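Subject: Structure for your files

Hello,

Here is the structure I said I would pass on. My notes on what was found follow below it.

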Amino acid sequence: MKQLQSILEKDSFSRTISSIFSILIGLLFGFIILLVSNPTQAVDGFLIILKGGFSTHAKGIGQVLYFATPLILTGLSVGFAFKTGLFNIGAPGQFIMGAFTAVYIGVKWTFLPAPWHWIVALLGATIVGGLWALIPGILKAYLNVHEVIATIMMNYIGMYLANFLVKSYIYDSKKALSMNVADTAVLPKAGLDKIFYNTMGTTKDLSTVNCGIFIAIIIAIIIYIILNKTTFGYELKACGFSQDASKYAGINDKRNLVTSMVISGMLAGLGGGLLYLSGGNGRRIKVVDVLAIEGFNGIPVALLALSNPIGTIFSAIFISYITQGGHYLQTLNFVPEVIDIIIACIIYFSAFSLFFKDYIFRFIKNRVQSMEEKKQERLEDGGEE
Amino acid sequence: MEYVIEMLHITKEFPGIIANDDITLQLKKGEIHALLGENGAGKSTLMSVLFGLYQPEKGTIRKDGVEVKIKDPNDANGLGIGMVHQHFKLVHNFTVLQNIILGVETTKNGFLKMDEARKKVMELSNRYGLMVDPDAYISDITVGMQQRVEILKMLYRNNEILIFDEPTAVLTPQEIEELMKIMKELASEGKSILFITHKLNEIKEVADRCTVLRKGKYIDTIDVSETSKEAMSEMMVGRKVDLQIEKAEISVGAPVLEVKDLVVASKQGSKKAVNHVSFKVSKGEIVCVAGIDGNGQSELVYALTGLSSIEGGQILLNGEDITRVSVRHRNKAGMSHIPEDRHKDGLVLDYSLQDNLILKKYFTPGFQKNGFLRFREAEAYADKLIEKFDIRSGKGRETETRSMSGGNQQKAIVAREIDLNPEILIAVQPTRGLDVGAIEYIHKQLVTQRDEGKAVLLISLELDEVMNISDRILVMYEGEIVADLDPKEVSVQELGLYMAGSKRGEAR
Ligand SMILES: Nc1ncnc2c1ncn2[C@@H]1O[C@H](COP(=O)(O)OP(=O)(O)OP(=O)(O)O)[C@@H](O)[C@H]1O
Ligand SMILES: [Mg+2]
């Protein structure tokens, strides 16, 4: 018991626990929605969601990782900005601009040889994502325009501009999607194709997952190191916690703010590149007037991870997993819109219940304490007998 | 029943520290009861327990002899207990009136009955001489007025037991006089007051009894009229304290800081906050800027340290023109700064103590290599300062700064700034909120700086401090320096006249 208590005192432990608890609350809420919308199949439906990517075996797991890849990046984008005191709501815009850039380079710059082609395409996505965030950064630092307003604005500009650019330059009008990128621009599989496939007769049904997931994880680790081990991260966090104190300490708060916004945009932009450079059975850009959901989902991913870069890897995988589970609900006659609502509820409720993490945590701690007290009493009672 | 409030055998622990260890405090009706103890002794914690902010692990609280449970400030309010916190808790973009009625609004059909509330507030304000402008925004008023708002908040709620946590630390001597009067009046009306302060004069002046804490433990409760100040401070610190500073003869060297014709615009109105000010601070002297709060001292410091822009003039540091250079450049050139507002400027409250102690050094070769922080050096450095300046907290260098006691937060800032070993140390109220032992230590440090040939510019509202440690006094009045005095040749009364603007001297 004493040990348990001392573990409970640890910060990192309390954070993990509260994240897990929040997820449980989110799931509970999702179950309630299922019950309301379709009582007879609620239990089956819930099990399908829980089974998530496992429903379709190895390939399913591969797909979970594939869709987690952009979420890790947008989650890092939102979380990084948040650690430095900024609300980057602009991940959808940065994401889609990055995506367009990557696909454009992937389709057009065929003069580049194999590894360089996709590397340059990713770099392009990163740079354009960063540029897309540079504008709100400058507006905030030098004209005091709130970054939430500026980034939302940039989201819509990005969405319409990307639609226009895709239609003008890289449109496959037969499929009403962006064109396939050249093979040299497709991210290598890095051995993942040997793990994540299902066999159908004699053919292999490959998952789309590729080395993008490794890139995402490496970037998460790099961001963790930047934030926690470098003077640069020290400055950024100081600005995030207290702009006045940073200024007092001689930190250039305006430059830091812009840099932080740009890095955040670069992460989201890279996320766009990683999702769309995935070959024949991968995603392609749709020309629709909807903001990129991968961008918005960066917010709950970051919230659930409490903006911790390493935590982001796991929360992105969780959200991707649940989303995949949702797709399989269609086998049970759930309407797609209802599925979207259920999944969104689980995701957002998980994230928001974190706001009550202190309550949740105190509750657990009190439980442990009272358990210990009872045990003590029992011991004492035993002693008297 | 003799006691209105009894806190019996209260124990409250925080990670790594027992903030209150079996403490008993009994408050009589109509008395002013002082609470005395070193920084981090557990005074604020004990009061927060009474106000329902913390739940004690052990102990009971009785009101009028009946045991009560105080689970949150609402419970406390229900029992008539009100508190003015060490760091005020007001909503800055609300008006004074809105802040006062916040939480106890009276409504009619869902609409606020502001007129009635305003009438009641104005009545209270007139009756106790607590002058406030009900429609001013908190962000625009002085700390003194903010405090009056906090007091009105308690009175508006008809609180009978009033807790004042270091109310005088942020006030000017004049405001302190007023507050003492108000407290006495409240007590004579039968309200009971718990009063935390580090200033023994104030305890002598208003308090009936005084409870002394040391390192979380109860020492004694004494009758103030029967105990000398020396005895009280000895009880609290556990040794004799000597506030008279031994200073070597002054030997002034070359000028370090030269200010020429400095002009700073005022936030409100067209008057200049700092109006054509010129002065020099030389090696080996402590120059003090004295004045009543709000006469341009804060703006002067913000301009010197590069935190705000100036309208005209020139600032030289060791002959180098630093008028337009960055804050970082000034720091590297040898300027350090103990700021007026420790929470706003001086600390990143969410950082650990260690991270705050390296706030001005993290970028230097000793603390980073190729952009990576050198944690081992930072840890050793933090431990050194904690030891040297006796900074007390629950978890040492890893303590979250926000959780530290007010005085220990101040010590952390002072430690950091003095240890930079600056050419010029600009210290604004460096001993605000410190206990007598710590004040003694900090004063000695300032004098050591001076004796080592460094320059110190001290901004203080505390006349004792001004007279005690400065070598030269500049009096600031309405943005101008109206006198340049020698503390050995001027009396406190005379200084007061200069500060009030009724006398002007020749600037030397
Ligand atoms: N919320 C908290 N979490 C952890 N430790 C705390 C917390 N509040 C106070 N402490 C610790 O408890 C001790 C007592 O703090 P407290 O604020 O009561 O001191 P104090 O007597 O009011 O001192 P001061 O004169 O400096 O204001 C300190 O060591 C402080 O670090
Ligand atoms: Mg205190």
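This is a predicted model: local features need pLDDT of at least 70, side-chain atom pairs count only at pLDDT 80 or more; totals for chains, interfaces and linings use all residues.

Between chain B and chain A, 13 residue pairs are in polar contact, both partners being at pLDDT 80 or more. Counted by residue, 27 from chain B are in contact with 20 from chain A. The size of an interface is often given as the accessible area lost when the parts come together. Here chains B and A bury about 2000 Å² between them, and 63% of that lies on carbon and sulfur atoms.

Next, the surface of chain A. A nonpolar patch there is formed by Ile20(A), Phe21(A), Leu24(A), Ile25(A) and Phe349(A), with about 420 Å² of accessible area together. Helix α2 (residues 11-37) of chain A gives the largest share of the patch, four residues. Ile20(A) has its place in that helix, α2. Its relative accessible area is 46%, so Ile20(A) counts as partly exposed, a class that runs between the 20% limit for buried and the 50% limit for exposed.

Last, a loop position. Gly280(A) sits in the loop between α11 (253-276) and α12 (293-304) of chain A. Gly280(A) is exposed because its relative accessible area, 58%, is over 50%. Gly280(A) and Val181(A) are 99 residues apart in sequence, and their C-alpha atoms are 8.6 Å apart in space.

Regards

Key. Residues are numbered from 1 along each chain as its sequence is written. Chains are lettered from A and ligands numbered from 1 in the order in which they are written. Side-chain values use heavy atoms; hydrogens and water are left out. Patches are made of residues with over 30% relative accessible area and no salt bridge: like charges are joined within 9 Å, nonpolar side chains (Val, Leu, Ile, Met, Phe, Trp, Tyr) within 5 Å. Accessible areas come from the Shrake-Rupley method with a 1.4 Å probe; for residues, only the protein chains shown count as cover. A salt bridge is a side-chain nitrogen of Lys or Arg within 4 Å of a carboxyl oxygen of Asp or Glu. Helices (H or I, at least four residues) and strands (E, at least two) are DSSP runs, numbered from the N terminus. Buried means under 20% relative accessible area, exposed over 50%, partly exposed in between (1.4 Å probe, protein chains only). Contact means heavy atoms within 4.5 Å. Buried area is the accessible area (1.4 Å probe) that two parts lose on being put together, summed over both. A polar contact is a pair of N or O atoms within 3.5 Å; within protein, one must be able to donate a hydrogen and the other to accept it, and residues adjacent in sequence count only if both atoms are side-chain atoms.
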